[in-house]
Amino acid sequence: MSSEVPILPVHSGPGTDGPQDSLRVKYQWLAVYFFFNLALTIYNKAVLGNFPFPYILTGIHTLCGTIGCLYFYMKGAFTLTSLSDRENVTLFMFSLLYTINIAISNVSLNLVTVPFHQIVRAMTPFFTVIIYVIGYRKVYSTMTYVSLIPVVAGVGFATAGDYYFTPMGFILTLLGAFLAALKTVATNRVQTGRLRLSPLELLFRMSPLAFAQCLIYAYFTGEAASLRDYWHSSMTGNMMFKLLLNGAIAFGLNVVSFTANKKTGALTMTVAANVKQILTIVLAIMFFHLAVTPMNAIGIILTLTGGAWYAKVELENKQRNTSTAASHLQKDKDTVPLKA
């Protein structure tokens, strides 16, 4: 394999990962993740204004993911790993988690105000830490915990508004934030744990399952019936092209998101998601002349500063761990007895 970093990582089964990626590579993938995420967020907002079917739109995303992965599979970009029945069940549960997370998020939005929804979802990094500490006995430094505070609090200030919620809305929004953290952790574990699936293979196996589940949700929520009326009255060739382009961007985002998750870790991805929220607000200020209050401005600065602080803390932790590992290796070499 060449020393260049491929746009679509080639993978031929478990246990074929190369050496630890450099920080430069990780930050490059995060930068591409920000680009695709912001592009899809803005595009989704434009599309949903004329195509009010969120479950069907998600179904289009997963269908494009299936088609895109099939194309790269036929081109030899990745091969399929032989999985046991238990591992296939694990992937099915992962796809279910993916679609349930979307469903709960959409339902909770109807029971709470958008500012409240955003501030609760901003707590996802804390839920991620809880999952790792309790489920995997992972230990974080004190500074990692402290650096997460401005990342979360900043989103609250930046999106400050009418915090109204019903009791059920509060429970569902909190559950949605926890499931978002669980999905991010699960994505990382499927790619770095025992299965070690490549991003493309994971997406290839998950997308058809998620597509079928989205169709089921669309049927039971009435979207499928409404789509028939929309198709005869409002669907145009231009809208079909926009939906196809939207699905292509979503496919790119999924590949980049899975790859960035594998290379940087689940907690870093949840912090990046919070920073992305703030960058979306900044873009809205620049291009859509969104009015902001002094409190909103403080929140933007807090989150961006917190994100940079978190990156600095993680860099220092990595350098410390690398130095410790090198020291232990040198000590082991020094203690090897000489042969007579």
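**Rings, burial and helices in a predicted model**

User: Why is Phe204 called buried?

Analyst: Phe204 has a relative accessible area of 17%, and buried means under 20%, exposed over 50% and partly exposed in between (1.4 Å probe, protein chains only), so Phe204 counts as buried. The model is predicted, so local features need pLDDT of at least 70 and side-chain atom pairs count only at pLDDT 80 or more, while totals for chains, interfaces and linings use all residues. Residues are numbered from 1 along each chain as its sequence is written, and side-chain values use heavy atoms, with hydrogens and water left out.

User: How many aromatic pairs does the structure hold, and what makes the pair of Tyr73 and Phe78 tilted?

Analyst: The structure holds 18 aromatic pairs. Rings of Phe, Tyr and Trp (its six-membered ring) pair if their centres lie within 6.5 Å, and planes under 30 degrees apart count as stacked, over 60 as edge-to-face and the rest as tilted. The centres of Tyr73 and Phe78 are 5.5 Å apart and their planes stand at 50°, so this pair is tilted.

User: Are Tyr73 and Phe78 buried or exposed?

Analyst: Tyr73 has a relative accessible area of 35% and is therefore partly exposed, whereas Phe78, at 1% relative accessibility, counts as buried.

User: Why is the pair of Phe78 and Phe204 called edge-to-face, and which parts of the chain does the pair link?

Analyst: The ring centres of Phe78 and Phe204 lie 5.8 Å apart with the planes at 65°, so the pair is edge-to-face. The pair links distant parts of the chain, 126 residues apart, with Phe78 in the loop between α2 (54-74) and α3 (85-109) and Phe204 in helix α8 (residues 199-220). Helices (H or I, at least four residues) and strands (E, at least two) are DSSP runs, numbered from the N terminus.

User: Where is Met74 found, and is Met74 buried or exposed?

Analyst: Met74 is found in helix α2, and its relative accessibility of 66% makes Met74 exposed.

User: How do you know that the span of helix α6 agrees with its number of residues?

Analyst: The expected span is 1.5 Å times one less than the number of residues, so the 17 residues of α6 (residues 142-158) should span 24 Å, and the end C-alpha atoms, 25 Å apart, agree with that. Buried residues of α6 include Leu148, Pro150, Val151 and Val152.

User: How many helices and strands are there in the protein chain, and what share of its residues is buried?

Analyst: The protein chain has 12 helices and 0 strands, and buried residues make up 44% of its 340 residues.
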